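Please read it with the structure open.

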Amino acid sequence: MTDATNNFGIAQSGDGQIINLGATAVGRGARVTQHQAATERALHELQTLHALLNEQATRLPEASRADAETALSEVADELESTEPDRTRLAAALSRPTGLVKAVAPLAETAESLRQTIEKITLS
């Protein structure tokens, strides 16, 4: 039998659900350092999406492309700020993701970016 008074770990149980905790520290003196890896990855994916948007420009209506570019600029501004506004970041990203979903390469890159940013906004 385990002595619960000396257990400093994490116990998780449930219906086979996966829980993504992000950076986690447990126990006496435990510390977590959040690195900028997710933000750097998001900026790289944002650049890729912008380049693809330029390459695939003829496959999108002019208004959709312009709206997507504006929204991507807002996402970039938030990512590059010292303290990104997570709500604004998520909202700004939802617009280009919806606008480009009809073009497969853009949709895939936008979804990858959305997932990376979701990690940032949940941390």
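The points below go from the overall fold to the helices, the core and the salt bridges.

1. Overall make-up. This is a predicted model. The protein has four helices and zero strands. From the N terminus, the order of elements is α-α-α-α. Of the 123 residues in the protein, 27% are buried. Among contacts with a separation of 6 or more, 60% join residues 24 or more positions apart.

2. Helix α1. This helix has 19 residues. From first C-alpha to last, α1 reaches 27 Å, close to the 27 Å expected at 1.5 Å a residue. Its buried residues are Thr39, Ala42, Glu45, Leu46, Leu49, Leu52 and Leu53. Seen down the axis of α1, these fall within an arc of 140 degrees, so they line one face of the helix. The face turned away from that buried side carries exposed residues: Ala37, Glu40, His44, Gln47 and Glu55. Note that Glu45 is on the buried list, whereas Glu40 is on the exposed one.

3. Helix α2. The 19 residues of α2 should span 27 Å at 1.5 Å a residue, and the end C-alpha atoms are 27 Å apart, which agrees. The buried residues here are Ser64, Arg65, Ala68, Ala71, Leu72, Val75, Ala76, Glu78 and Leu79. Down the axis of α2 they fall within an arc of 160 degrees, so they too line one face of the helix. On the face of α2 turned away from the buried side, the exposed residues are Glu62, Ala63, Asp77 and Glu80.

4. Helix α3. With 14 residues, α3 reaches 21 Å between its end C-alpha atoms, close to the 20 Å expected at 1.5 Å a residue. Leu89, Ala92, Leu93, Pro96 and Thr97 are its buried residues. They fall within an arc of 135 degrees seen down the axis, so they line one face of α3. Look also at the start of this helix. There, a side-chain oxygen of Asp85 reaches to within 3.0 Å of the backbone nitrogen of Thr87.

5. The core. Which residues touch the most other members of the largest nonpolar core? They are Val75, Leu79, Leu106 and Ile117, in a core of 21 residues. Each of α1 (37-55), α2 (62-80), α3 (86-99) and α4 (104-122) supplies at least two residues of this core. Leaving aside residues up to four places away in sequence, Ile117 touches Ala42, Val75, Leu79, Leu89 and Leu93. In soluble globular proteins, nonpolar side chains tend to be buried together.

6. Glu74 lies in α2 and Arg95 in α3, so the pair ties together parts that are 21 residues apart in sequence. Both partners are partly exposed: Glu74 has a relative accessibility of 23%, and Arg95 has a relative accessible area of 38%.

7. Salt bridges within helices. Arg65 forms a salt bridge with Glu62, and the closest N and O atoms are 2.9 Å apart. The two sit three residues apart in α2, so about one helical turn separates them. In α4, Arg114 and Glu111 are likewise three residues apart, about one turn of the helix. Their side chains meet in a salt bridge at 2.6 Å, N to O. Arg114 is partly exposed, with a relative accessible area of 29%. Glu111 is also partly exposed, at 28% relative accessibility. Salt bridges that share partners join Glu62, Arg65 and Glu69 into one network.

8. The C-alpha atoms of Ala102 and Arg59 are separated by 8.7 Å, although the two residues are 43 residues apart along the chain.

How values were computed. Residues numbered from 1 in each chain as written. Predicted model: local features only at pLDDT ≥ 70, side-chain atom pairs only at ≥ 80, totals over all residues. Heavy atoms only, no water. Core = buried A, V, L, I, M, F, W, Y, C linked by side-chain atoms within 4.5 Å. Buried < 20%, exposed > 50% of the residue type's maximum accessible area, 1.4 Å probe, protein only. Contact = heavy atoms within 4.5 Å. Expected span 1.5 Å × (residues − 1). Arc of directions from axis to C-beta. Polar contact = N/O pair within 3.5 Å; in protein donor to acceptor, adjacent residues only side chain to side chain. Salt bridge = Lys/Arg side-chain N within 4 Å of Asp/Glu carboxyl O.
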